[in-house]
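Have the view open as you read.

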Amino acid sequence: MRLPSASEAWSAWRRGFAAPIGWRDHVVGAALALTYLTWLLTTAGALGFTRDETFYFQAGTQYAGWWRMLFEHGSEALRQGAIDPSWSYNHEHPALMKSLFGISEYLLHQKWHLLADASTGFRLPGMACGAAAVWTTYMFGARAWNRRSGVAAAVFFALMPRVFFHAHLACFDIPITAMWILCVYVHWRAQDRRNIGWALATGVVFGLALETKLNSWFLPFALAPHALFVHRHAIARSLAAGRLSIPTSLVSMAVVGPLVFLALWPYLWNDTFARVQWYVEFHLHHEYYNMEFLGKNYFGPPSPKGYLPLMVLATVPGVTLLLFGLGAVDRAIAAFRRLSAWARRLLRQPADTPRGDPLETDLLLFLSFAVAVGPFFLPTTPIFGGTKHWLPAYPVLALVAGRGFDLVASAMRSAFLALSERRRATAECALWASVFLAPLAVTLHSFPFGLSSYVPLVGGTAGGADLGLNRQFWGFTSQNAAEEFLNAKAPRGASVYIHDTTWDAWARMQQEGRVRRDLHPVGSPSEANEALVEHELHMNEVDYSIWVALGTDAPAYIVKHDGVPIVSVYERR
Amino acid sequence: MPAAGLLELGAHAAQTQAVVPGRDWEAARDYVSQHAKPEDLVAFAPRWADPIGREHFGPAIATIEREARPDESRFPRAFEVSIRGAHVPALRTWRPSAEQHFGGVAVTTLENPAPLPIIDDLVSAVRPDRMRVSAGDRECPFVHMPTQSGGLGFGPAIPGDRFGCPGGAFVGVSVVADLDYVPHRCIYAPPSGGTVRLRFLGVRFGRALSGHHALYVEAEHLKGAPITVTFSVGGSTLGTVVHRDGEGWKQFEFDTGPLSGRQEDLTADITSSGERRLYCFEAATR
C-alpha cells in the first residue's frame, strides 16, 4: 500500500476541513482534550497542595463516603441523620466537584489502583474539566467560524499559564470555566436547533454550573438578553397576539437548572430555604483576602480599576492578546456594518444588507465575556484570588483570538496564491509555529510557579516582581522548598515551620513521598529548627517574626523562579 | 503577526536567561565587606531582591539593624547593592561617590548629604542594666523566656529576652511590619489597656530626641484607641505624641536643647485603653 505524499495528506486535511461540522470535530476536540489531560497528569506531581485543595480533599472523601452509602444501603443514606454529618463540612461551596474529587479518588486510587497517588485521584476531575473546556472551545470556534479558528482557540486557551496552573488543581476555578463555556455553547446550539433536547440540555448544564461555583449566578445576565434578542421578532409577534413567548432554553434554565442544583447537593435537601439563604449570604459577605497590586497590599474593596486589565496583560501571552484584539476589531467592524445598515433602513435610505447571523454569535460572545469580567469593575468587589476568578472569560478571549488567527492565516494564503500548495502548507505551518511557540514556552516555563509567573510583555517573573504584582498564594510552594533544600539538608527529625501550608497538605506531601517523613511541622517559628516563608507582600510580617525567633535575617536557601524569591528557608542558629 | 510571536518568544528566552548568578552576589559581598564600616548602611534593590541580598551577604553584613532601620538619616554612607538597574528610593538624593559592577550586581557607594548621627539609641538600651519597666505600681522584671511567635496575624514576635509584667504586658526588642510591610527594629511595648512606664537610665542627651512609632500592620487597620506616649526627664515633660491607627511608621521629635551634653534618666509612659494595641517605637538622642 502506498502512503500518501505530504501534499496529498495536506490536500486530504484541507478537504476534511471543508466537510460539515460534525462527528469528526468531536474527534478533533477529544484529541485536543486528551493531549491536554495527558500533559496535566504528567506534570501534576511537581505541584504542591494548595490550601483550598486540602479542604476539598477532605470534603470529597466525606461526600464520596455518602454516595457509597447511598449505593450500598439505599434509603438509609437519605435520612437527615446520615446526610448532615457527611455534607456539613465545607458547605459554603456546592458539592458537584467535591463529590467528583472524592469519587475519583475512591475509584481510581483506592479501589481500582489505576492512579498511584490519592492526590492525582482527587485532582483528575479538575484536570478533566480543563480538557473539557479545550474541547468545547474547539467545537465553539469550529462551528462559529471554521476549524482553523477552533483549533487555534483551543490551543490559545490551553496555553495560558494561569489556566494551565489552575487546571491541575482539585478546585473550582477551571471547572466553572468549563461549565461556563459549555453552558454558553449549549445555549447557543439551543437557539439554532430549537428543539426540546437542546433546551433541556441548557437547563441541565446551567444546573451543573450552579452546582460548581457561584460565578454561574451571573450566566443568566449573558444568556437571557442574548436569547431574547435572537427571538425578538417571534417575541414581538406573540406579544402583538396577546401572548408571552419565552425561549424554551430560558425556561429550562429557570426550571431545570435549580432542580439539578438541588438534586446534586444533598445538604440542601433539609432546611432547604435556610441553607440556600446561608449559602447566598456567605458569598455576599465573603471574608477578604490580602492581594498585592502595584506594590500595595489590598485587603477589601474597592478594587483598583486597573487591576483586571493589567493582570490580563501581565498573565496572558502577548501574541494571544494581539490576535484577540485583531479578532475583536473584525467582529466590531461586522457589528458596526450591521448597525449602520439597520440605521439606514430605519431612515429609509438605500443600504446593502450585510449577511446576518441568526444566532447572534458575536453578541453572545460579547455578553459572555463582559458578564464574566464585569463584576471585577464594581466598587464593591475586592481583589482577592487574583486572575482565577475571571477565568470563565478566557475561553471567549481564546475564541476571538482564534478568529484573529484565522484572519491572518487566510490573508497569508491569499497573499501566497502564486506559490505551490506544498509551499503554502509549509508557510501555514510556520505561521502556526510562530504564533504558538511563545505561549507554549511561557506556559511550560511557568510551571509549577504559575502564580508567580508573568508574561514577557511585563518582563516575565522578575518584571512582575518589579511591578509589585502578587507572587503567590495558597501555600503550595513548601513542596519546592522540600525538594530543593529540606529533603537533602534538614537535620533528621527537624521541626519545620510550614508557614501558609496547611497541616493536611504537609501530611499528604509526606505520604506521597514529596517531603521527608521525619520533618515534623510546627505552627510557629519559635518552635522550629527550619522556618519557611512563602513570599507575598503581606507575609513579610512572618518573615520578620522568623528573624526574631530564629535569631537571623539571612535565609539558608531560597527557592527562586527566574531569580525571584518564592520561598525562603531559615535555619535556627 | 509571526514577528510578534517570535518577538515574544525571544523576549521570553532573554528574560529567563537574565538571572543574576550567585557568584555575582558573592563578588559584591566581598567588595562590600572590605569597604563598609559598622556605621554604614548596606541596602538592596529592588525590594523583592532583599532576601537574596541577605542570603548572600549573611547576617554579619545584612544585619537586622541595617535591614530593619528606622530610617536612613543616621547613616553617613550607604552601599546600595542592586540588580536590574533598581535603586533604593530613600537614597535618591544621596551623592554617589563610587560604583562597581560585579556581573549583574551593581554596588554604588552613596554619601549622605545631611547625616544625623545619634548619641544614644534607646532600642539598644532595652536590657536590665540600662532600663527599668513598670506597669501600674508594679515592677516588671527582666526575664529570659522562649520567644513567642506565630503565623499571619500573630503580630511581631515576642522576644525571649524581655521585661515581663504582671498581667501579661511586656517590653522587648522586636521587628514590626509597618503599613507598607517594611521592617523596623523597635521597642515592642503593647500597653495592654493601661500604662507601661519605661525608664531609660543615664541617657546622654543632645539637641533632640527623635524617633518613630507604629502599630503592627494589621492592628493599624482596627481603628482602635490611640496610643499616647509621654517622654519626661526628672518629672518635666519633654513632649507627648499620639499614634492613631492608619498613621503607619510615624516620626516624632522633641527639642532637648536645654539637656544637651547631660546624662539623665528618660521616662516614657505608654498609654492606651484599647485592645490589641501591638505598639512599637524607636527613639534616639541626637
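M139(A) is buried, because 22 other C-beta atoms lie within 10 Å of its own. For this label, a residue is buried if 20 or more other C-beta atoms lie within 10 Å of its own, exposed if 12 or fewer, and partly exposed in between, with C-beta atoms placed from the backbone. You'll find M139(A) in helix 6 of chain A, which covers residues 118-144. Helices (H or I, at least four residues) and strands (E, at least two) are DSSP runs, numbered from the N terminus. Leaving out residues up to four places away in sequence, M139(A) touches D25(A), G29(A), G150(A) and Y185(A). Touching, or being in contact, means that the C-beta atoms of two residues, placed from the backbone, lie within 7 Å. Y288(A) is another matter: it sits 149 residues from M139(A) along the chain, and 38 Å separate their C-alpha atoms.

A quick word on what you're looking at. This is a predicted model, in which local features need pLDDT of at least 70 and side-chain atom pairs count only at pLDDT 80 or more, while totals for chains, interfaces and linings use all residues. Residues are numbered from 1 along each chain as its sequence is written, and chains are lettered from A and ligands numbered from 1 in the order in which they are written.

Now try Y89(A), in the loop between helix 4 (80-87) and helix 5 (96-111) of chain A. Is Y89(A) buried or partly exposed? It counts as partly exposed, because it has 15 C-beta neighbours inside 10 Å. Beyond the residues up to four places away in sequence, Y89(A) touches Q58(A), A59(A) and Q62(A). Y56(A) is 33 residues away along the chain, with 9.5 Å between the C-alpha atoms of Y56(A) and Y89(A).

Stepping back, chain A contains 23 helices and seven strands. Its C-alpha trace spans about 85 × 65 × 60 Å along the principal axes. The radius of gyration of chain A is 26 Å, which agrees with a compact globule, because 573 residues packed that way would give a value near 25 Å. That radius is taken over C-alpha atoms, and the globule rule is 2.2 Å times the number of residues to the power 0.38. Buried residues make up 51% of the 573 in chain A. Of the contacts in chain A with a separation of 6 or more, 75% are between residues 24 or more positions apart.

How is chain A divided up? Its domain assignment gives domain 1 (6-377) and domain 2 (478-571); such bounds come from an automatic or database domain assignment. The C-alpha centres of these two domains of chain A lie 37 Å apart. Ten residues from domain 1 of chain A and 13 residues from domain 2 of chain A take part in the contact. On the domain 1 side, helix 3 (51-73) and strand 1 (290-293) of chain A each supply at least two residues, and helix 3 gives the most, with three.

Towards the end of chain A, look for strand 6 (residues 557-561), where four of the five residues are buried. Strand 6 runs antiparallel to strand 7 (residues 564-571) of chain A, and five bridges join them; two strands pair if DSSP finds at least two bridges between them. Within this pair, K560(A) stands opposite P565(A). The two strands form a hairpin with two residues between them, and D562(A) in the turn has a positive phi of about 50 degrees.

Chain B comes next. Its assignment gives domain 1 (2-111) and domain 2 (120-285), with 32 Å between their C-alpha centres. Five residues of domain 1 of chain B are in contact with six residues of domain 2 of chain B.

Where do the two chains meet? There, 42 residues of chain B are in contact with 47 residues of chain A. Helix 1 of chain B gives the most to the chain B side, with ten residues. That side has 26 nonpolar, eleven polar and five charged residues, where Ala, Val, Leu, Ile, Met, Phe, Trp, Tyr, Cys and Pro count as nonpolar, Asp, Glu, Lys and Arg as charged, and the others, Gly among them, as polar.

Finally, the largest nonpolar core has 242 residues, and among the members that touch the most others are V134(A), F157(A) and I187(B). Such a core is a set of buried Ala, Val, Leu, Ile, Met, Phe, Trp, Tyr and Cys residues joined through C-beta atoms within 7 Å. Helix 6 of chain A provides the largest share of this core, 15 residues.
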